[in-house]
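Hi everyone, thanks for coming.

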Amino acid sequence: MPTTEHTINDALASVLKGGRQAWRDNVIHSETTGMLKGVSARPDILVLEPDVSPVAIETEVIPAPTVEPEALSRLGANIKSTGRTILSSIAVKLPKRLRNFSNGTLRAELMSASDLEMALFTGTSPTKAARWPHNQWISGSVSDLSILTQAASVPPEVIDRAADELISGIREAAGLFDEAAASHEGALQKISRELRQEAGEQTWRMASAILANAFVFHEGLAGGPGKLSKVRSIEELKGEGELSRATVLEEWRKILEVNYWSIFDIARRILEATPAKISKSVVDTMARVSAKLLEHRLMRSHDLTGAVFQKLIADRKFLAAYYTTPPSAALLAGLAIGGDTTPAGKLWADTESLKHLRIADFACGTGTLLSAAYQRVGQFHELAGGDARLLHSYMMGGSLVGCDVLPAAAHLTAATLSSVHPTLKYAESSIMTLAYGKQKDGGVALGSLDLLDPQRRFEILAITAKAAEGTGESLKDIWTSMPHGGFDLVIMNPPFTRATGHEGKKIGVHNPMFAAFAADAETQKIMGRVAANLTANTSAHGNAGEASIFLVLGDRKLKQGGTIALVLPLSFMLGEAWEESRALVSKKYQDLIFVTNAGLGGSDLSFSSDTDMGECLVVGRKGFKGGKRSTFVTLNERPDSTISGTHIASSIQSLISHSKLRKLEDGPLGGTPLLLGSELVGHAVSAPTAEGWNLARVRDFSTAQSAYQLSLGKLWLPSCKQPEPLSLPMTKIKVIAQIGPYHADINGRTAKGEIRGPFDIHPAPTKGVPTYPVLWSHDAERERAIAFEAESEAIPVVGSDFEEQALIDDKIEKIWATASFVHFNRDFRFNSQSTAMQFTKRKTIGGRAWLSLKLANKRQEKALALWGNSTLGLLLYWWLANKQQAGRGSIGKSALQDLTILDVTKLSEIQLRQVEDIFDAVAGEPLRPLNELHSDTNRQVLDRRLMVDVLGLPDTLHAQGGPMDLLRMKLAAEPSIVGHKKPEKPQPAYPMLTQGKKGKGKKPVNA
């Protein structure tokens, strides 16, 4: 007789109980009647974990026609015993074979099954529900169902609503502090000193956030075990008419006698310094806010604390401390920590080895990444039968290491990690605020960057009790507790601030990397020199910024076999200044995974909040040598929920472990799709690491595969089964062309004000002929056609004496010798500009906007200008370009050397004459921006004539709807090209050029 669903549900509930310690005692109820208030319905499984929302699980054997409506019907129902509302319900479709197993074998079959189909519903009622995934189902194991259920117990809608309530209360309290600032300056300055921030709105909000955090914890701890039983709740104080600053501080002192120093010590000091005239109002506001939050049972959710902290963080302009969104943190932690073994390579059931696990974030912020990692460690340990509570004191005592220069950040990190098991004591902590800036002894400290030197000593700030301990304060010897080669996992989203370039000028400081906490120019200089000494002979680079230094730090701290997991600027994959950093990762790390975000539809390019900067995720295992291949992933957009982030990470790991990834070398077949249900969320591909960097932000990997083949001289277009038999002569810019000077060598001055460039730049005269024409700036409308003249002229500087004049004359001669007819667009705004290369009638100096390219003769330069503006030339520009900013690609002078181009020096005399005919016909005709490439009829003519008449390729490639049309459509649709632009109404086509003679394809004349 087939096994009933009732029996299957009992077995499923039993397996679920074994995978989480908090569910092992009367938390999971299977096929139990009378659980819901006012209805006779019997949920298949109910998970009633304390402190979070209840979750219903409805199951049905495939085809399961009623499982979705049954799961939906549970939303909004109330638990009879507690009145709590079900806000999350999971529908599970069970495989038919489960009916063939009896009690003795059913449990084992469930534990090994990987084909349960799941969907999550969240909302307040069946008619106001959201579904995840949006359609279809997620396949997985009971372990996946367990993790999904845990995530469902903290619904995102509730987090958002509670965050809004908390922010509103914080603003109200901050307003009270601001009102008191004028009349109680001393008290408010004390609060500023406690937080190490300048007095002002940001600081008052931060102080209020810390108070709110303490009030929430207070309510959760009051009346707890042991000495906590004597702690009165905020509601009790209110009911007794004794809610005041004095009574709240009295209860906090009781709590501090037990534990929770990291949470209540700084909150106590802030509340003690709060002026008496506003203290009652501040306490009442915090009490009201904490009551609302606890209604939503969010005291254990790191999502809330982090989301609010990001809105309040001070000095973000200089610290660039952008907050990793919880979904992004779940994705990164999911890629770094797999279910097979721990980061130390041990079994998840091995409690003793987990006690010695070491995970670090040396730029911890609010602790979102550490919290995501800790959550994953706890989940996998319990899924293996362990008890994560037994690890808590070890995790807090030394396994989890977090550092930051903001006292409030370190305290909120400690509080967030403490909240995983809020009633468990721990004596030590390695969550620390590190000294930063000028010190009392006259020296300087650089925060976590000082850890690059294992011998260096510096003061750790007393403001944070040295380390944010659970039961008190202690001074940490951080060089002993954080040795080089001492960590199993380093997970970070480091600051991105750069010390060089134009960044400092934009914000009026000497060195933005070290300008935090109002450091003066001299202190910034000293800190810069110390940093230079610490990073000498490393891969760190000033133009890459602080993040490149944190990469060096993470590498030094990591054990052999350990895992590094970083959020880095997208320029890590494509930027010139990051070249040595890429070399470090390539040579020392294996099993590398790089994840970028295409920014589909103009969405955020980052994995952090509040930044438009493109970012990438980097995950790898440290070895004695690097791996030859890596996995490259492009998501359509960053994940919108922690559930999605976790599932995407699992999907990527599954594709890798089962060798299901397509390869870059496979031809234009595209990548392996990543799905949430039936929703395409991205693609993944395997590629040689050296060639894979250009895959950053590429959404359609078939386009990239065509670019890769073209760089090898093979034309293999999407929809074509094989490459064209005719090989194209391809080369690099550096082989056939001389690249002109960097713009600062034209008109720059040295740091001492001396002559670097011999010219001043002025607009070209409307009448008259400039002696030294120069292409200095962009004007998209003026640059629609391939041929146009310089808009500026370079005027020689007059020397102050004979010697300086001789130097200037020499520089003028050298720069003028680089003048050419063809010039390269080094900063291409794909969605507004039309030309990647341009041609001038006169020899012209390349400037800030256009780099000159000097070839052997003018005809070759004409050929290069045509190639550079053909679809194939644009494809290779896009392939190499740094696509960090939306709708824009940049290729600097150094990177330009490696741009693959048609080898125009291999063209025959007849081919060059054909080039001249084509150039005369098309050079003055307007072209469309790249995001309109698919409708650019003039570009189509250029493509056909160059490819067919000159290169001898088949005319069939240019048939309407054929391979070249498809390539243009794909390229124009790339998010890195479209940027934030929305599709526009069709524009009238530019006048179409003469197509020239159609042919079936000619042999190259020099073949």
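Helix 6 and helix 7 are roughly perpendicular to each other, a label for angles of 65 to 115 degrees. Their axes, lines fitted to C-alpha atoms over the stretch in contact, cross at roughly 75 degrees and come within 10 Å. On the side of helix 6 (residues 185-195), the contact (heavy atoms within 4.5 Å) uses Leu188, Ile191, Ser192 and Leu195. Helix 7 (residues 201-221) brings Thr203, Trp204, Met206, Ala207 and Ile210. Of these residues, seven are nonpolar, two polar and none charged.

A word on the source: this is a predicted model, where local features need pLDDT of at least 70, side-chain atom pairs count only at pLDDT 80 or more, and totals for chains, interfaces and linings use all residues. Residues are numbered from 1 along each chain as its sequence is written, and side-chain values use heavy atoms, leaving out hydrogens and water.

**On to helix 34**

Which residues of helix 34 are buried? They are Gln911, Leu912, Gln914, Val915, Ile918, Phe919 and Val922, buried being under 20% relative accessible area with a 1.4 Å probe. They cover an arc of only 155 degrees around the axis, so they sit on the same side of helix 34. Their packing partners are strand 27 (837-846), helix 31 (858-869) and helix 35 (937-950).

**The whole chain**

Zooming out, the protein chain has 37 helices and 30 strands, counted as DSSP runs of at least four residues (H or I) and at least two (E). Buried residues make up 60% of its 1007 residues. Thanks, everyone!

Technical notes
Axes are lines fitted to C-alpha atoms, for helices over the stretch in contact, and angles run from 0 to 180 degrees between N-to-C directions. Angles under 35 degrees count as roughly parallel, over 145 as roughly antiparallel, 65 to 115 as roughly perpendicular and the rest as oblique. Ala, Val, Leu, Ile, Met, Phe, Trp, Tyr, Cys and Pro count as nonpolar, Asp, Glu, Lys and Arg as charged, and the others, Gly among them, as polar. Buried means under 20% relative accessible area, exposed over 50%, partly exposed in between (1.4 Å probe, protein chains only). The arc is that of the directions from the helix axis to the C-beta atoms.
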